[in-house]
Amino acid sequence: MDLPHDLDDWLRFSYLIFAFFAALFLGALKGILVGPVAALILIIGNVGVILGLLPAHVAWTVYTLAKINRFDLPLKVAIFFALPALFGIWLGLSIGGSVLVGVGYGFFTPWVSSFEAFRDENESEKLLHCVVDGTWGTIKGSCTVVRDFADLCYHSFLLYLKELRESPDSNEIQTLRFIHVPACITVGLMGLIVEIPCYTAIAVVKSPYMLFKGWYRLIHDLVSREGPFLETACIPIAGLTILMWPIVVLGSILFAVFSSFVVGLYAAVIVYQERSFRRGLAYVITMVAEFDEYTNDWLYLREGTVFPKPQYRKKRGTRPSESSMRGSQVAGGKSNSASMEAPAMLVPSVAHSRSVRETIQEVKMVQIWGNMMRSCETRGRELIDANVITHSDLYEWLKAKNGNEAVIISVGLPCYSLLQIFLYSIKANSEGLLLLDGVEVNNLNRPKDKLLDWFFNPIMVLKDQIKAINLGECETRFLEKVVLFGSNTQRMEAWTNGSLVPLDALRAAQIQGISRRMTGMVRSVSKFPTYRRKFRQIVKDLVHYSLEKDGSTISSSMRSIASAENV
């Protein structure tokens, strides 16, 4: 980094140093004042949701266990006796996680917001945003987190259990011989005894490497003006990253400890699946080696692991989605089997940093999520204008107790919106997905997020399937009907959109299969914690749009329902 030579450079450099320490002080002050309030709201709210819904969770789980037909009686009995331990682990991890998240969010969000103010291009507003940002917004954010967590624990969990009860019976019923119960319990306990200290030891031993390598990378970027330090406005934020890097390392250790509980208990599942006590022990040993190898790869230490890796599966099958992910990694010149299987410590990359301009070229997950929601609203307005969906459908969803009711809005509208994205992308000959604002998401610029991998690859496969069958105009219109109304034949017949039912049975089966896969994807996405809150706001906006469109014919009772929903 070049040293300043003249007076203007020295003044600019001095201003930068002063601004950094001023933001540091203001952020700390806001964290002390606002942090306890935001943290208490988040902790008390989440713990209240956990404890308040615990009796309902137990009742729903026991009811589902009794109703499900895919397990035989011995397996149901074994799961029933394991429920107290599982719910005890849930209480410990969820309450502990809520405390850590509450403290971290409440105290550090105001701090980061003070430095984010330097991104503002208006110099006169930087000081105002540096003081104001992260105060009331942090408190509102805590309430939003509690609301999303409540949606996850109530609506998403209830929806998952209902789908589990209503799922079609498998050809092969899952059975359990009582002789395997002691082996499952023993190996599960051994998994906890081995994985927790080993994961903790590996994370603690490698934390100095992560600490100093991270500092080295960040300081190197500061000196050479690369990565996050390329833009002057981002230097204060990157400076905060250097100061907060030890906290990131500590968070990685805590994440490793938390993940070791799940990894250890899964050893009991391996014993049940493989019907082998020895393979369960092999899993326990292998997971330690996988975790060690995974962290070596992330921290750029020597390849491989010093621990043995015995085979714990008779046949190592690969799911199609995983195969496509592995194939894309190999095509890009990077393949890492450990990263696909081993539960990982939360290790931020210490590789060469990209500049802010380079990072902006990558489509963000928030951008995709917001675009999908806006697409739902846009398609909803189109369907309201065409009198395909009515305000009664929207009210029915707003008053529904769970996501299984009012399926035309809860499932049909998102499916219809997703189908229009597919059709738009296919028509434009896009290799990926064309979003509403014209941004293309493909394998090169999509977010490098493990969670997105589970959905992006199946979505791309489904898009290619729609493209491959080469639907005609009438068949496309019929598919729109099917994804929107599902099995509601009366509503399908009422919508005259120029569709024709395919006479070819194979063609009709292909269209029905695409509709079922889209429905499954939408139901899976609807379990995300932020989905219900954002989708509910879209439905409210569509209600207002419907009222404005048909204002002269809407009764006062309908208006009172709409106003009650806005409270």
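1. H13 and H15 are roughly antiparallel to each other, because their axes cross at roughly 150 degrees and angles over 145 count as roughly antiparallel, under 35 as roughly parallel, 65 to 115 as roughly perpendicular and the rest as oblique. The two axes come within 7 Å. Axes here are lines fitted to C-alpha atoms, for helices over the stretch in contact, with angles from 0 to 180 degrees between N-to-C directions. Helices are DSSP runs (H or I, at least four residues), numbered from the N terminus.

2. A word on the model. It is predicted: local features need pLDDT of at least 70, side-chain atom pairs count only at pLDDT 80 or more, and totals for chains, interfaces and linings use all residues. Residues are numbered from 1 along each chain as its sequence is written, and side-chain values use heavy atoms, without hydrogens or water.

3. Which residues meet where H13 and H15 touch? From H13 come Ile 408, Gly 412, Leu 413, Cys 415, Tyr 416, Leu 419, Gln 420 and Leu 423. From H15 come Thr 476, Leu 479, Glu 480, Val 483, Leu 484 and Phe 485. Contact means heavy atoms within 4.5 Å.

4. Now the largest nonpolar core. It has 55 residues, and Leu 383, Phe 422, Ile 466, Met 518 and Phe 535 touch the most other members. Among the elements giving two or more residues are H11 (365-385), H13 (407-427), H15 (473-485) and H17 (505-525). H13 gives the most, with 11 residues. Such a core is a set of buried Ala, Val, Leu, Ile, Met, Phe, Trp, Tyr and Cys residues joined through side-chain atoms within 4.5 Å. Buried means under 20% relative accessible area, exposed over 50%, partly exposed in between (1.4 Å probe, protein chains only).

5. Look at Met 518. Beyond its neighbours within four places in sequence, Met 518 contacts Cys 415, Leu 418, Leu 419, Phe 422, Leu 462 and Val 483. A second, separate core holds 22 residues, including Leu 176, Ala 203, Ala 282 and Tyr 283.

6. Aromatic rings come next. The whole structure has 12 aromatic pairs. Rings of Phe, Tyr and Trp (its six-membered ring) pair if their centres lie within 6.5 Å; planes under 30 degrees apart count as stacked, over 60 as edge-to-face and the rest as tilted. Phe 108 and Trp 111 are stacked, at 6.2 Å centre to centre and 10 degrees between the planes. Both sit in helix H2 (residues 73-116), 3 residues apart, about one turn of the helix. Phe 108 is partly exposed, at 28% relative accessible area.

7. Tyr 199 and Phe 291 also stack, at 4.1 Å centre to centre and 15 degrees between the planes. Tyr 199 lies in H5 (residues 181-224) and Phe 291 in H7 (residues 277-298), so this pair ties together parts 92 residues apart in sequence. Tyr 199 is buried, at 0%. Phe 291 is buried too, at 0%. Elsewhere, Tyr 266, Tyr 283 and Tyr 312 form one aromatic cluster.

8. Thr 305 lies in the loop between H7 and helix H8 (320-331). Thr 305 is buried, at 18%. A polar atom of its side chain lies 3.1 Å from the backbone nitrogen of Phe 307.

Conventions. Polar contact = N/O pair within 3.5 Å; in protein donor to acceptor, adjacent residues only side chain to side chain.
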